[in-house]
Amino acid sequence: MAAAAAGLSWRRVSSFTGPVPRSRHGHRAVAIRELIIIFGGGNEGIADELHVYNTVTNQWFLPAVRGDIPPGCAAHGFVCDGTRILVFGGMVEYGRYSNDLYELQASRWLWKKVKAQAPSTGSPPCPRLGHSFSLYGNKCYLFGGLANESEDSNNNVPRYLNDFYELELQHGSGVVGWSIPVTKGILPSPRESHTAIVYCRKDLGSPKMYIFGGMCGCRLNDLWELDIETMTWSRPETKGIVPLPRSLHTANVIGNKMYVFGGWVPQSSGGEISAHDGEWKCTGSFSYLNLDTTEWIGLISDCQEDKSNLLPGPRAGHCAVAVGTRLYIWSGRDGYRKAWNNQVCCKDLWYLDTEKPPAPSQVQLIRATTNSFQVKWDEVPTVEGYLLQLHADSPVPPATGIPGAGVPETSVLSSQGGSSLHQTPQSLPRVPFPEMKVDHPSQTNNVIPNDVQVSLSSNSKVEGKEKVAAPENKITQETMKNHADATGFKESNAPSLLPVCTSSHQTSANVGELHDLDKRTVNPDASVSSTVSSTQTMVTQQAVKTESSSTNGAVVKDETSLTTFNSKSEAAEVACTMPSTRVNTGQTNDSHSSKTPQRQMAPVKARDRQWYDVGIFKNNSAVVSQFYLLPEETLSVSNKMESANVPDYRLLKKQDLFPGTVYRFRVAAINGCGVGPFSKISEFKTCIPGFPGAPSTVKITKSVDCIHLSWEPPASPSGNILEYSAYLAIRSTQLQENPSQLVFMRIYCGLKTSCIVTAAQLSNAHVDCTSRPAIVFRISAKNERGYGPATQVRWLQGKVSVTQR
């Protein structure tokens with residue numbers, strides 16, 4: 001099969017929840033983050049509902065829209081500008097077309113009818129359908145379509161258009177008006193049901209609009225290019241086999257490729273294409289145009305029949321939308337069937353990963369104990385799982401054999417179990433926008449292969465519900481120069497920063513527009529890194545978002561001394577992987593069949609630099625207390641081996657993590673194209689017994705001329721707490737020389753679990769902009785053995801807007 005030869009693997013989504021929209025054609029779709037928003041179309045009447053599909057949770061929902069709700073329409077213009085959507089024209093009933101313009105603010109699901117100024121050099125666009133409506137910058141470009149020449153809607157006299165308009169948008173909401181650009185070159189011939197996309201090459205930076213195909217009494221397959229900067233039309237020369245003439249197809253840009261799927265094409269007989277008045281059929285053909293080289297590449301041919309349901313069936317008038325590098329296709333009509341004497345609309349939803357996923361962010365530490373880590377990394381859109389690996393500073397002996405009975409399966413953490421650190425309570429919907437009222441099913445952090453999950457260490461108990469959001473910055477292991485060795489610390493005025501972790505008591509679910517936080521239970525028996533908003537007040541405290549620190553080293557300054565914290569280099573590390581090259585990700589939550597992706601090989605530098613699998617995780621977090629050991633014979637396999645299967649994790653020996661040991665982590669995302677590149681390496685150290693845990697439940701309350709910083713004692717003090725120290729990151733010349741090395745000044749030392757930070761102290765604070773601007777605090781506790789891990793708090797600066805309903 002051409003698709004298989006090209007390395008493509010279509011997936012049909014067979015498991016979803018929520019109110020599924022009725023099948024249709026002539027509808028349009030756009031994507032906002034992980035959401036696909038569908039409007040209009042028709043099948044036994046024109047649809048006027050707005051449907052949303054969440055590609056992460058596989059859930060359909062109907063948002064509660066309000067405002068100037070437009071009537072249903074089909075074959076309309078539909079573009080997305082940030083979080084607003086613009087709708088222009090379309091057919092509102094048979095023979096009656098529209099030239100109305102509507103705007104939807106998706107962050108509030110608010111419709112508004114928009115009045116655009118007429119162009120100064122002509123009339124505004126006439127009512128039409130089947131036109132193209134493309135966005136670039138702050139302008140929409142309208143081309144062509146079909147108008148009704150008759151004033152009587154029952155007497156449909158088609159008139160194909162090739163007029164060209166520009167619609168200037170206002171920032172955020174509203175429009176300025178229409179204009180008719182003066183163009184050079186020959187205008188494309190009149191047409192409707194064509195496609196138009198805008199692409200800007202990274203190296204040249206000159207935006208181009210490409211129009212392909214359409215209908216003008218007969219189907220077309222010509223390609224037109226408009227240079228938006230010079231407003232010059234041209235017919236670019238192409239290489240490869242041009243797709244058949246077609247209309248009601250879709251075209252989407254992903255990377256430097258324009259993917260063209262489906263549509264009406266001429267019926268061919270014996271290799272000959274019929275005349276324009278001959279037979280026509282729907283197609284499931286799939287091609288792309290390399291927009292840098294203007295070469296056509298065929299992936300699924302027009303004559304290719306698929307009897308195995310591994311490919312989307314032929315269709316026209318469907319919708320296609322790109323979410324990241326994944327292409328989704330939904331519904332459309334399957335063509336004229338003489339036996340039934342009608343056209344049937346497809347009900348299926350398909351997606352295709354067009355390339356391997358990018359590398360995730362560095363692994364970030366949320367919580368550490370003596371023998372476990374809770375780690376997290378930024379989500380990568382449209383992936384099926386994540387491969388997490390580690391290796392230790394000390395050599396790890398390979399497994400010399402696998403027990404005949406196998407290793408007992410580790411426990412699977414579920415949302416019902418009280419010991420789970422990954423549960424997402426059903427009471428908190430995962431809401432992409434502040435005003436989206438959607439309930440999503442509970443999700444757990446399932447390990448994909450064999451449903452096996454890394455077990456939680458027995459001494460880690462959940463003692464309260466706290467919110468942990470995705471850490472936004474990199475973490476590197478920080479070590480003090482005056483630490484005695486790997487098993488103990490010398491006493492110091494400065495707190496140990498081994499490790500910096502995250503957790504925080506929360507009351508706010510959403511911070512800022514288009515931002516969502518997941519509520520998760522975490523163990524407060526650990527150091528934390530939090531972020532606190534300086535402007536939003538929820539009840540009596542500021543809204544808090546947890547995130548990790550980004551310090552590659554730090555200087556701590558108190559009244560008498562400066563102490564420097566150094567970090568080990570992570571960039572010099574040579575990335576290695578174990579010799580296995582194929583990963584079976586099992587079934588994901590849409591229950592589609594899973595492709596075995598290819599794992600890329602890298603040379604193994606030495607046995608003590610061997611990377612070991614922690615597991616394949618469905619979500620972007622994991623509790624790590626063990627990792628899998630490979631049999632010795634597997635480790636000695638030649639690096640050239642490229643087709644070995646990942647061993648069954650249930651049959652492998654597992655190695656527990658040791659206290660006071662540095663472990664390096666990396667993670668790669670997996671989708672239908674395989675395993676992507678690994679992230680940069682992070683390293684963290686398990687806690688050393690006997691030292692106190694980090695203060696927990698950090699709160700910041702803002703007053704007129706100061707802030708009140710408070711915390712709770714460590715859940716595991718390991719003895720009597722002798723004192724706490726609080727530090728503030730301050731401006732320093734050292735920061736100018738090395739922006740990644742924060743300088744801290746001690747602002748409090750004592751037994752109380754709170755302190756006042758004065759306006760004078762805050763005036764000297766450094767605003768860390770490694771992610772969002774924030775003032776950084778650190779708090780740690782000291783017992784008889786010394787200071788334990790530090791809590792890091794990022795207090796967000798600047799205006800943070802939150803709207804909830």
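**Salt bridges, cores and spaces in a predicted model**

A search of the whole structure turns up 16 salt bridges. Side chains of opposite charge can pair when their charged atoms come close.

One of the salt bridges joins K139 and E166, with 3.3 Å from N to O. K139 belongs to strand β12 (residues 139–148) and E166 to strand β13 (residues 158–169), so this pair ties together parts that lie 27 residues apart in sequence. The two partners can be described by their accessibility. K139 has a relative accessibility of 25% and therefore counts as partly exposed. E166, at 11%, counts as buried, because buried means under 20% relative accessible area.

A further salt bridge links R315 to D348, and their closest N and O atoms are 2.8 Å apart. Here the partners sit in loops: R315 in the loop between β26 (295–300) and β27, D348 in the loop between β30 (342–345) and β31 (349–353), so the pair ties together parts 33 residues apart in sequence. R315 is at 0% relative accessibility and counts as buried. D348 is buried as well, with a relative accessible area of 8%.

Strand β31 also takes part in the pair of R326 and D353. The closest N and O atoms of R326 and D353 are 2.8 Å apart. R326 lies in strand β28 (residues 326–330) and D353 in strand β31, so parts 27 residues apart in sequence are tied together. Both R326 and D353 are buried. Elsewhere, salt bridges with shared partners join D81, R84, E103 and K112 into one network.

From charged pairs we turn to nonpolar side chains. In soluble globular proteins, nonpolar side chains tend to be buried together. In this model the largest nonpolar core has 26 residues, and those with the most contacts inside it are F373, V375, L388, V624 and F665. Two or more residues of this core come from each of β32 (364–368), β33 (373–376), β34 (385–392), β42 (612–617), β43 (621–624), β44 (626–629) and β46 (662–671). Leaving aside residues up to four places away in sequence, F665 touches V363, F373, L388, Q389, L390, W611, V624, K680, I681, S682 and F684.

About 70 Å³ of space lies in the largest cavity. The residues that line the largest cavity are F39, P70, P71, C73, V87, F88, G89, V92, S98, D100 and Y102. Both β8 (84–93) and β9 (96–105) supply at least two residues of this lining, and the largest share, four residues, comes from β8. Eight of the lining residues are nonpolar, two are polar and one is charged.

How values were computed: Residues are numbered from 1 along each chain as its sequence is written. This is a predicted model: local features need pLDDT of at least 70, side-chain atom pairs count only at pLDDT 80 or more; totals for chains, interfaces and linings use all residues. Side-chain values use heavy atoms; hydrogens and water are left out. On a 1 Å grid over the protein atoms alone, a cavity is a set of points where a 1.4 Å probe fits but cannot get out, and a pocket is an open set with protein on both sides within 12 Å along at least five of seven lines; lining residues have an atom within 4 Å of a point. Grid points are joined across faces, edges and corners, and a volume is the space filled by probe spheres set on the points. Ala, Val, Leu, Ile, Met, Phe, Trp, Tyr, Cys and Pro count as nonpolar, Asp, Glu, Lys and Arg as charged, and the others, Gly among them, as polar. A salt bridge is a side-chain nitrogen of Lys or Arg within 4 Å of a carboxyl oxygen of Asp or Glu. Buried means under 20% relative accessible area, exposed over 50%, partly exposed in between (1.4 Å probe, protein chains only). A nonpolar core is a set of buried Ala, Val, Leu, Ile, Met, Phe, Trp, Tyr and Cys residues joined through side-chain atoms within 4.5 Å. Contact means heavy atoms within 4.5 Å.
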